[in-house]
Amino acid sequence: MDFSFTFAFQPIVDADNKSVYAYEALVRGLNGEGAYSVLSNVNETNRYSFDQICRVKAVKLAARLSMEAMLSINFMPNAVYNPEYCIRTTLAAAQASKFDTRKIIFELLESDDFDSLDHLVNIIKSYQQMGFKTALDDFGSGYSRYNILIASPPDILKLDMDVVRDIHRTPNKQAVVAGIMTMMAQLGGKVLAEGVETEEEYFWLRSQGISLFQGYLFAKPGFESLPEPYFPA
């Protein structure tokens, strides 16, 4: 596999203080091609190498851009055979780049296939014990893996954009999000609304107490750059 790729960064904003909470590192081709152009080449034989290189590249680029906010890195659970060992290259890259590892969020897709729930729970718990934050992406996309939340709640639960879309005028979605908010409050985690595109969506979600947001309303991903977000009045 050709591991020639880079990243675009999309801000995750904190509406409480109108600041950038984190930047999510999104895989891109060297000329700005979409993530699929890179991820479609990942398979069982090269998955571990890709996952390791992905982390290192994200940390190095974040450091080069003088990122002060948190850095959210997507990882592949099946590429992590041992959390303590597989984190070594990430830690080494952070040390060499003088990037604070306490600013790293490890994010996994709810739709990711993984070999064992016990293995995934061990990864999440290990990362949290090491001082990293964890996030579960695309929650509500059709998988709704509550078994992960029961076994090892992540620090951040990201609402899928299909749940967010037109939520201000969709009572059933509103009821679901209200339940998720209650659940995460009791689990001690935060809810992040991603894929927010309109102020109507934002203001309804904001009225429910959500403070973390991501989406085109605030900023599109910046190719090898850290875009400044827009904040609705």
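Predicted model: local features only at pLDDT ≥ 70, side-chain atom pairs only at ≥ 80, totals over all residues.
Local features required pLDDT of at least 70 and side-chain atom pairs pLDDT 80 or more, while totals for chains, interfaces and linings use all residues. Residues are numbered from 1 along each chain as its sequence is written, and side-chain values use heavy atoms, with hydrogens and water left out.

Helices (H or I, at least four residues) and strands (E, at least two) are DSSP runs, numbered from the N terminus. Two strands are taken to pair if DSSP finds at least two bridges between them. Strand β2 (residues 19-28) and β3 run parallel and are joined by three bridges, with A22 opposite M70 in β3. Strand β3 (residues 70-74) is in turn joined to β4 by four bridges, again in a parallel arrangement. Within this pairing, S72 has I105 of β4 as its bridge partner, and N74 stands opposite E107 in β4. Five bridges then join β4 to the parallel strand β5 (residues 133-139), where T134 stands opposite F106.

Residues are classed by relative accessible area as buried (under 20%), exposed (over 50%) or partly exposed (in between), with a 1.4 Å probe and protein chains only. By this criterion, four of the five residues of β3 are buried, and five of the six residues of strand β4 (residues 104-109) are buried. K158, found in strand β6 (residues 156-159), is also buried, with a relative accessible area of 1%. Contacts are defined by heavy atoms within 4.5 Å. Leaving aside neighbours within four places in sequence, the contacts of K158 include E24, E107, D137, D138 and E194, together with I12, L136 and F139.

In helix α9 (residues 199-207), the buried residues are E201, Y202, W204 and L205. The elements covering these buried residues include α7 (161-164), α8 (171-187), β7 (190-193) and β8 (212-213). Helix α9 is followed by G209, whose phi is positive, near 100°.

A pair of aromatic rings is described by the distance of the centres and the angle of the planes. Rings of Phe, Tyr and Trp (its six-membered ring) were paired if their centres lie within 6.5 Å, with planes under 30 degrees apart counted as stacked, over 60 as edge-to-face and the rest as tilted. This rule gives 15 aromatic pairs. The rings of F5 and F50 have centres 5.3 Å apart and planes at 45°, so this pair is tilted. F5 lies in the segment before β1 (6-14) and F50 in helix α2, so the pair ties together parts that are 45 residues apart in sequence. F5 is buried at 2% relative accessibility, and F50 is buried with a relative accessible area of 2%. The rings of Y202 and F218, with centres 5.7 Å apart and planes at 75°, form an edge-to-face pair. This pair links Y202 in helix α9 to F218 in the loop between β8 and β9 (222-223), 16 residues apart; Y202 and F218 are both buried. Ring pairs also link F5, F7, F9 and F50 into a cluster.

At the surface, Y48, Y81 and Y85 form a nonpolar patch with about 320 Å² of accessible area together. Y48 is placed in helix α2 (residues 47-64) and is partly exposed, with a relative accessible area of 30%. A92, in helix α4 (residues 88-97), is likewise partly exposed, at 43% relative accessible area.

Key: Patch = residues over 30% accessible without salt bridge, like charges linked within 9 Å, V, L, I, M, F, W, Y side chains within 5 Å. Areas by Shrake-Rupley, 256 points an atom, 1.4 Å probe, with all protein chains shown as cover. Salt bridge = Lys/Arg side-chain N within 4 Å of Asp/Glu carboxyl O.
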